[in-house]
Amino acid sequence: MQAVTPSRFLASEAQGLLTRLRRVRPLSATMPAVASASVGAPALRAIDQMLICQREDLGRHVTRFLARLKHERLTGESARAVQREFVFLKLRFNATLDQLDIFADVMTQRSEHETGSWIGGLDVAASDAMQIESYRGEMPLAVTYLDRGHGAAIRRARTRLPGGAPSPVAIVRIPRERMVGTGIASSLVHEAGHQVAGLLDLVASLRRDLGRARTARSNSLDPWELWQRWISEILADAWAIGKLGPAATSGLMGVVSLPLAFVFRVGLDGPHPFPWIRVVLSCRVGNTVYPDPIWSQLERSWRTMYPLDGAPAKTREIVQQLESTMDPFIDRMLSHRVSRANGDELRRIVRHGSRTPRALRSSRARVGMHPHRVAALSPTRALAYLGLARLDGALPAEQEHRLVGQLLQHWALSRALCDGVCARCAAETSAPIK
């Protein structure tokens, strides 16, 4: 029987890592799903290439480590040094598995009946939600998945994954409770707004701009400091309003309709405005971008459901200060010039003439609620159209559910037929829809 030495022990452990590493296979070889439920071909290719590169790079490091063990006699300090090297290899190996698990979450649900095709359609809608007319840079690919929990989230493309590799795609997590109706659009497009803000470097540039509006107060709260702190989430909400119109605000109201204590809970150290002020701000931004009486109706409904006199005195004081600066803040935000979008003002980048309430309503006589006519619209425009129809009482909830489910399947199938070339292809294809 051979004695257990540091060299033998570490060599055996490293061989185990190498053996398990070889079992990390491309997702395209392991994840079954019908074509309409698969992620687009370009996204799958990018994910697989990243995973394979990470696997091969780590494999080379483990192989070099094993070669070193063959030629070194480990004693004392050298044994401790090699052990430290092995520990870092093991941490890298675990990070590689974490990367695989992240994308496995994206893929495994796609084998579920009906849900898989819905997720494929959400991929198409997410890509459409990230389109920026005046941006000339490379647009990221987007994939989505469902998870338990209350809120949506995004891991932006090109940000660091566990282990340090940049994510090849934007990964959007949607809560299952949002499936399936136009309410899902608000969460989806809000997260797409975070990716857009990153591409345009909006958060950093606007924080600098808002910093110039702050006043020096020693004993009281500066509302401009709060706008500056919350700007990331506010920008994402504004992007959703631009793409979806009133459906963005109604969807937000659905997400943050919580017990009274939570709606008025003011967190001064987090990135989110507290729910009550966030909805009021959404209504005001919406009316600035797309003027229409529906925004005041939404705000009035919110204030009726959550009357301010039910809030603690300190919260009412903060609300008063925020409301006194809300209109100047909105004007300053929307007037901000975006250097990465030809110097256009943010209001011009956010606003789409086809998404105004008037434009959406005027197309109702032509489009109606016929699935094939709604499917001829781009994904986010279709969701904006149906969301406003729901608010106007022209679309019952059951019919909305059925239409959105059909649209998601249609977009997914259309992408599969054109091999994921582009989101616009999915909107214009003549693939049948029932």
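The model is predicted, so local features need pLDDT of at least 70 and side-chain atom pairs count only at pLDDT 80 or more, while totals for chains, interfaces and linings use all residues. Residues are numbered from 1 along each chain as its sequence is written, and side-chain values use heavy atoms, with hydrogens and water left out.

Confidence first. pLDDT is the predictor's confidence in each residue, from 0 to 100. The chain has a mean pLDDT of 88, with 93% of its residues at 70 or more. Helices here are DSSP runs of H or I with at least four residues, strands are runs of E with at least two, and both are numbered from the N terminus. Helix 10, residues 275-289, has the highest confidence at 98, and helix 19, residues 423-428, the lowest at a mean of 41. Over residues 420-434 the pLDDT is below 50, and this stretch has 30 contacts in the model beyond near neighbours in sequence. A contact means heavy atoms within 4.5 Å. Where pLDDT is low, the predicted coordinates should not be read in detail.

Next, helix 1. Its 16 residues, 6-21, reach 22 Å from first C-alpha to last, close to the 22 Å expected; that expected span is 1.5 Å times one less than the number of residues. Buried means under 20% relative accessible area, exposed over 50%, and partly exposed in between, with a 1.4 Å probe and protein chains only. In helix 1 the buried residues include L10, A14 and L17.

Helix 8, residues 246-255, is mostly covered, with eight of its ten residues buried. Among them are P246, T249, L252 and V255. What do the buried residues of helix 8 pack against? They pack against helix 5, helix 7 (223-244), helix 10, helix 11 (293-305), helix 14 (357-362) and helix 17 (379-391).

Helix 5, residues 183-199, holds H190. H190 counts as buried because its relative accessibility is 6%. Leaving out residues up to four places away in sequence, H190 touches E233, A236, D237, A240 and R278.

Last, R173, in strand 3, residues 170-175. Is R173 buried, partly exposed or exposed? R173 counts as partly exposed, because its relative accessibility is 26%. Beyond neighbours within four places in sequence, R173 is in contact with Y145, D147, G151, A152 and A153. Between the C-alpha atoms of R173 and Q99 there are 15 Å, and the two residues are 74 apart along the chain.
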